Amino acid sequence: MKRKFMALALAAAMTVSMTSAVFAADEIKSADDLEGKKIGVQLGTTGDADATEVKDATVERYNKGNDAVMALKQGKIDCVVIDSEPAKKFVEKNDDLEIVEDIFDKEEYAICLSKDNADLTKEFNEALKELKDDGTLDSIRDNYIGDDVGKTPYETPKDADHSKGTLTMATNATFQPYEYYDGDKIVGIDVDIAQAVCDKLGYELKVEDMEFDAIVNSVKSGKADFGAAGMTVTEDRKKSVDFTDPYTTAEQVVIVKK
């Protein structure tokens, strides 16, 4: 009799737990619905900042977006707040997840550089404008996002001069399609844009992978020449580094279990 009671109690507890998880996912349709939830984020990202401002929310921080997604699948958190394009990649690979959009405001991505290197920032802006005007930026983006994925890969011009030396780019290669590993090589939208800028300015490009929240300090301290990692321009970051003109817009979305 005691065993039967315990079994019934366990079954009831499992049912309540499963129902709660489904209800929590189903009710997240607006920013207000995030109140009181357990939210997973990648440490130091805009998603981290946005989730921190949610009333009564518990924010669980992970070094990688994928770790947050795995925690969601395991039922350890209610949702994940992350940039829209990486979110799409995660959902493509996990058919038990879905995206809730239109909760957060639009934001702008840009390249960050040291405040002590205003001349290089100016050169980057000039190169980015040329790449935008001649369609290169659109072509790079289309090669990773949309209907023409893989059809318009960026290639360094054969006559490119890299005699000025090497520029080191700090990034976090867990952010597909902006930067991620293809085998042992880091590829993605930001990497191609950085290469195109370096080709314009006469530099070799070196890419260094690190934790996202280390990028700004790496640029600020001079360990890297610039940072590009789907980085949102924020007032807080502008206290430490300068930013180029934005090269694309994005938004934070919420990933939930179906």
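# Packing, cores and backbone geometry in a predicted model

Asp56 is placed in the loop that runs between α2 (46–52) and β2 (58–62). The questions below concern a predicted model.

Q: In which loop is Asp102 placed, and is Asp102 buried or exposed?
A: Asp102 is not a glycine, yet it has a positive phi of about 60 degrees. The residue is placed in the loop between β4 and β5 (106–109). Because exposed means over 50% relative accessible area, the 68% relative accessibility of Asp102 makes it count as exposed.

Q: Which two residues are joined by a cis peptide bond?
A: The proline of this pair, Pro177, is found in the loop between β8 and β9 (179–182). The omega of the bond is about 10 degrees, and the residues that it joins are Gln176 and Pro177.

Q: How many helices and how many strands does the protein chain have?
A: The protein chain has 258 residues, of which buried residues make up 45%. Among its contacts with a separation of 6 or more, 69% are accounted for by residues 24 or more positions apart. The secondary structure of this chain comes to 9 helices and 14 strands.

Q: How are helix α5 and helix α7 oriented, roughly parallel or roughly perpendicular?
A: Two packed helices are described by the angle between their axes and the distance between the axes. For helix α5 (residues 118–133) and helix α7 (residues 189–201), the axes are 9 Å apart and the packing angle is about 110 degrees. Since angles of 65 to 115 degrees count as roughly perpendicular, the orientation of α5 to α7 is roughly perpendicular.

Q: Which element supplies the largest share of the largest nonpolar core?
A: This core has 34 residues, and those that touch the most other members are Ile111, Phe124, Ile193, Val197 and Phe226. At least two residues of the core are supplied by each of α5, α6, β7 (166–171), β10 (185–187) and α7. The largest share, 8 residues, comes from α7.

Q: Which residues does Ile193 contact, leaving aside its neighbours within four places in sequence?
A: Ile193 is one of the residues that touch the most other members of the largest nonpolar core, and it is also among the α7 residues that meet α5. Leaving aside neighbours within four places in sequence, the contacts of Ile193 are Leu128, Leu137, Ile140 and Tyr247.

Q: Is Thr136 buried or exposed?
A: Thr136 has its place in helix α6, and it touches Leu131 and Tyr154 when residues up to four places away in sequence are not counted. Because buried means under 20% relative accessible area, Thr136, with 17%, is buried.

Q: Which residues of helix α4 are buried?
A: Helix α4 covers residues 84–93, and what covers its buried residues includes α3 (65–73), β3 (79–83), β4 (97–100), α6 (136–142), β8 (174–175) and β14 (248–257). The buried residues of α4 are Ser84, Glu85, Pro86, Ala87, Lys89 and Phe90.

Q: What is the C-alpha to C-alpha distance in space of Val207 and Ala228?
A: Val207 lies in strand β11 (residues 204–209), and with a relative accessible area of 26% it is partly exposed. Its contacts, leaving aside neighbours within four places in sequence, are with Met169, Thr171, Ile186 and Val191. Val207 and Ala228 are 21 residues apart in sequence, and their C-alpha to C-alpha distance is 9.7 Å.

Q: How many disulfides does the structure hold?
A: Cys79 counts as buried at 0% relative accessibility, and Cys112 is likewise buried, with a relative accessible area of 0%. A disulfide requires a pair of cysteine sulfur atoms within 2.5 Å, and the number of disulfides that the structure holds is 0.

Key:
Residues are numbered from 1 along each chain as its sequence is written. This is a predicted model: local features need pLDDT of at least 70, side-chain atom pairs count only at pLDDT 80 or more; totals for chains, interfaces and linings use all residues. Side-chain values use heavy atoms; hydrogens and water are left out. Buried means under 20% relative accessible area, exposed over 50%, partly exposed in between (1.4 Å probe, protein chains only). Helices (H or I, at least four residues) and strands (E, at least two) are DSSP runs, numbered from the N terminus. Contact means heavy atoms within 4.5 Å. Axes are lines fitted to C-alpha atoms, for helices over the stretch in contact, and angles run from 0 to 180 degrees between N-to-C directions. Angles under 35 degrees count as roughly parallel, over 145 as roughly antiparallel, 65 to 115 as roughly perpendicular and the rest as oblique. A nonpolar core is a set of buried Ala, Val, Leu, Ile, Met, Phe, Trp, Tyr and Cys residues joined through side-chain atoms within 4.5 Å.
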